[in-house]
Amino acid sequence: MAEGRGKDVELGGVTRPSTHQTHNKFIYMTNNDILRRLRYIEHLDNPNMLAVFGLSGLSVTETDLDDMLKREEEPGAMECPDNVLNAFLDGLITKRRGPRDDGPPRKGDLPLNNNLILRKLRIALELKDTDIIDIMQEVGTTVSKNEVSALFRKRDHRNFKACGDQFLRKFLSGLNTRAASKK
């Protein structure tokens with residue numbers, strides 16, 4: 001079992017279980033969930049996923065990738081650490097938008113939180129606020145432009161709003177719906 005499995009982790013100022021556990025009838029998203037969903041949204045097989053990791057400078061073995069893509073209850077499942085998901089998101093930005101003109105690939109942005117994940121997906125997919133509103137409406141959630149912009153503000157801004165797991169889950173579901181309709 002991966003180190004740290006079963007412990008609570010703090011992500012985005014919110015303490016949540018590091019594995020699929022329920023609390024108040026909600027299932028928390030893990031980095032593994034996000035990685036799996038992005039794989040389906042982007043229609044990536046293992047070699048393409050490894051190439052995306054490579055674009056960020058992180059080398060991941062196919063065995064480790066397979067273990068991170070397994071469901072938590074499957075034998076051999078491995079927890080996807082923040083730095084690995086962060087590298088995948090940075091690689092996705094590079095894959096979709098090309099390398100940065102101003103130097104080497106960006107490093108960091110840890111600890112990873114839902115707001116940062118949403119921001120990186122917005123950059124990679126070149127989404128505007130209205131696109132995010134449309135995506136959320138496709139899954140039956142109404143959000144205003146002000147609510148969306150609050151998700152992308154700095155943490156110390158008075159109008160900052162933390163992105164919850166439920167919002168991120170619905171956003172990824174909306175992206176999946178869009179990707180399936182374009183197929």
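**Figure 1. Arg36 pairs with Asp33 within helix H1 of this predicted model.** The two side chains form a salt bridge, with the closest N and O atoms 2.6 Å apart. Both residues belong to helix H1, which spans residues 31–42. They sit three residues apart, or about one turn of the helix. Arg36 has a relative accessibility of 5% and therefore counts as buried. Asp33 is buried as well, its relative accessible area being 5%. The structure holds eight salt bridges, including this one between Arg36 and Asp33.

**Figure 2. Glu72 meets Arg36 in a salt bridge.** The N to O distance is 3.5 Å. Glu72 counts as buried because its relative accessibility is 15%, under the 20% limit. Arg36, at 5%, is buried too.

**Figure 3. A network of salt bridges links Asp33, Arg36 and Glu72.** Arg36 takes part in both pairs shown above: one with Asp33 at 2.6 Å, the other with Glu72 at 3.5 Å. Side chains of opposite charge can pair when their charged atoms come close.

**Figure 4. Glu42 and Arg96 are joined by a salt bridge.** Their side chains meet at 2.7 Å, N to O. The pair links distant parts of the chain, 54 residues apart: Glu42 in helix H1 and Arg96 in helix H4. Glu42 has a relative accessibility of 13%, so it counts as buried. Arg96 is partly exposed, with a relative accessible area of 37%.

**Figure 5. His43 has a positive phi in the loop between H1 and helix H2.** The phi value is near 55°, and the residue is not a glycine. Helix H2 covers residues 46–55. His43 counts as partly exposed, at 47% relative accessibility.

**Figure 6. Glu126 also has a positive phi.** Its phi is about 55°, although the residue is not a glycine. Glu126 is placed in the loop between helix H5 (114–124) and helix H6 (129–138).

Note on methods: Residues numbered from 1 in each chain as written. Predicted model: local features only at pLDDT ≥ 70, side-chain atom pairs only at ≥ 80, totals over all residues. Heavy atoms only, no water. Salt bridge = Lys/Arg side-chain N within 4 Å of Asp/Glu carboxyl O. Helix = DSSP H or I, 4+ residues; strand = E, 2+ residues; numbered from the N terminus. Buried < 20%, exposed > 50% of the residue type's maximum accessible area, 1.4 Å probe, protein only.
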